[in-house]
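Student: I have a structure to look at and would like to learn how its features are read. Could you take me through some of them, giving the general idea and then the case at hand?

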Amino acid sequence: PIMRARHPKKDVAGAIALILRDHWWRLELPRKQGHVWGDLRCGHGRGGCIVRIHSTPQSPSAHAKHLVASTRRCPHRG
């Protein structure tokens with residue numbers, strides 16, 4: 001089994017887990033750490049949606065809501 005990295009902020013980790021239950025979305029973690037913790041990419045492929053996950057959001061609960069709302073707005077879903 002592949003171990004997935006867990007976001008250090010509980011609210012954000014919960015939002016990511018909720019989003020990834022839908023197999024349309026996948027999580028990509030960058031090689032170098034910076035302000036971006038990872039990306040959520042939709043299943044459309046090239047030219048599809050990318051939602052950035054911040055490593056240290058000012059408001060973890062607001063960032064979690066933003067992630068869920070952004071992924072729900074994906075126009076590529078059939």
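Student: Does Ser 55 count as buried or exposed, and why?

Tutor: Keep in mind that this is a predicted model. Burial is judged by relative accessible area, and buried means under 20%. Ser 55 has a relative accessibility of 12%, and therefore counts as buried. Ser 55 sits in the loop between strand E3 (50-54) and helix H2 (60-72), and, with residues up to four places away in sequence not counted, Ser 55 touches His 7, Pro 8, Gly 34, His 35, Val 36 and Trp 37.

Student: Which residues touch the most other members of the largest nonpolar core?

Tutor: In soluble globular proteins, nonpolar side chains tend to be buried together. Here the largest nonpolar core has 16 residues, and those touching the most other members are Ile 16, Ile 19, Trp 25, Leu 40, Ile 53 and Leu 67. Helix H1 (10-20), strand E2 (36-42), E3 and H2 are the elements that each give two or more residues to this core, with the largest share, five residues, coming from H1. As for Leu 40, its contacts beyond four places in sequence include Ile 19, Trp 25 and Ile 53.

Student: Which residues form the covered face of E3, and which the uncovered one?

Tutor: In a regular strand the side chains alternate between the two faces of the sheet. In E3, Val 51 and Ile 53 make up the covered face, while Ile 50, Arg 52 and His 54 make up the uncovered one.

Student: How many disulfides does a search of the whole structure find?

Tutor: The search finds zero disulfides. A disulfide needs two cysteine sulfur atoms within 2.5 Å. The cysteine sulfur closest to that of Cys 42 belongs to Cys 74 and is 3.9 Å away, too far for a bond; for Cys 74 the closest is the sulfur of Cys 49, at 3.6 Å, which is also too far. Cys 42 is buried, with a relative accessible area of 1%, and Cys 74 is buried too, at 10%.

Student: Where does Arg 77 lie, and with which residues is Arg 77 in contact, leaving aside neighbours within four places in sequence?

Tutor: Arg 77 lies in the segment after H2 and, at 44% relative accessibility, counts as partly exposed. Beyond its sequence neighbours, Arg 77 is in contact with Asp 22 and Trp 24, and the side chains of Arg 77 and Asp 22 make a polar contact of 2.5 Å.

Methods. Residues are numbered from 1 along each chain as its sequence is written. This is a predicted model: local features need pLDDT of at least 70, side-chain atom pairs count only at pLDDT 80 or more; totals for chains, interfaces and linings use all residues. Side-chain values use heavy atoms; hydrogens and water are left out. Helices (H or I, at least four residues) and strands (E, at least two) are DSSP runs, numbered from the N terminus. Buried means under 20% relative accessible area, exposed over 50%, partly exposed in between (1.4 Å probe, protein chains only). Contact means heavy atoms within 4.5 Å. A nonpolar core is a set of buried Ala, Val, Leu, Ile, Met, Phe, Trp, Tyr and Cys residues joined through side-chain atoms within 4.5 Å. A polar contact is a pair of N or O atoms within 3.5 Å; within protein, one must be able to donate a hydrogen and the other to accept it, and residues adjacent in sequence count only if both atoms are side-chain atoms.
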